[in-house]
Amino acid sequence: MDHDHDHGSGGGGDGKVSCPMIMVFHAGHCERILWDGWVASTVVEFVFSALAIFLVAFIYEALKFVREYFLRQTVRKEAERVALELQAKRSTPPCHAPSTTAMMPIQEKTYMQRIFSEAHLIQTFCNLLQIVISYLLMLVFMTFNYWLCLAVVLGLGIGYFVFGWIKQDVYESECCQ
């Protein structure tokens, strides 16, 4: 076993560029980001990596808005369907038979219809994508590089600035629901 604590910073004989894993906050530009294939060893590579991370964080906030938008659209369509059904039942002339004078119940969707609906499948996929992106952003932050942390924070902050104002209910929260 190799216990030399070099962590590949010497470059090795295989020709691959390697950067040390520094486990304290630092400001270097040589960084291994997320996986072995993503190594920013030059300043230009590092800047483009930080911009890519900023963009992913911004897209994360956009995805949160898209999920909320789709949810509101689904609820609105369901409310319109129920309202139209009620209106249709009220506008039909009552029959004189005593069994038909009571209003028929509104057609409810079954559990399976709801869970396999197109809207729920889209919500599920978007939620899965949001979870994956959030964990990847957390791992980027855990590189402890000031600049990459700043790219994550600015991407999330500017993304919220662009999309967060759209929330209409002041009592909505992303946590503790």
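Start by selecting helix 3, residues 118–141: its 24 residues reach 35 Å from first C-alpha to last, close to the 34 Å expected at 1.5 Å a residue. Bear in mind as you go that this is a predicted model.

Keep helix 3 on screen and show the side chains of its buried residues: Gln123, Cys126, Gln130, Ile133, Leu137 and Val140. Now bring in the cover. Helix 1 (43–91) and helix 4 (146–163) are among the elements that lie over the buried residues of helix 3.

Next stop, Gln130, which sits in helix 3. Buried or exposed? Gln130 counts as buried because its relative accessibility is 11%, below the 20% cut-off. Select what surrounds it: leaving out residues up to four places away in sequence, Gln130 touches Tyr60, Leu63, Lys64 and Arg67. Zoom in on Arg67, whose side chain makes a 2.8 Å polar contact with the side chain of Gln130.

While you're on helix 3, click Cys126 too. With 9% relative accessibility, Cys126 counts as buried. Cys149 is another cysteine to pick, also counted as buried, at 6%.

Now for the largest nonpolar core, a set of 15 residues. Select Ile33, Ile53, Ile133, Leu137, Val140, Leu148 and Val152, the members with the most contacts inside it. Helices 1, 3 and 4 each supply at least two residues of this core, and the largest share, 6 residues, comes from helix 1. As background, nonpolar side chains in soluble globular proteins tend to be buried together.

Last stop: the disulfide. The structure holds 1, formed by Cys19 and Cys30, with their sulfur atoms 1.8 Å apart. Look along the S-S bond and you'll find a left-handed link, at -80 degrees. Both cysteines are in the segment before strand 1 (31–32), 11 residues apart. How do the two partners compare in burial? Cys19 counts as buried because its relative accessibility is 0%, whereas Cys30, at 25%, counts as partly exposed.

Technical notes: Residues numbered from 1 in each chain as written. Predicted model: local features only at pLDDT ≥ 70, side-chain atom pairs only at ≥ 80, totals over all residues. Heavy atoms only, no water. Helix = DSSP H or I, 4+ residues; strand = E, 2+ residues; numbered from the N terminus. Expected span 1.5 Å × (residues − 1). Buried < 20%, exposed > 50% of the residue type's maximum accessible area, 1.4 Å probe, protein only. Contact = heavy atoms within 4.5 Å. Core = buried A, V, L, I, M, F, W, Y, C linked by side-chain atoms within 4.5 Å. Polar contact = N/O pair within 3.5 Å; in protein donor to acceptor, adjacent residues only side chain to side chain. Disulfide = S-S within 2.5 Å.
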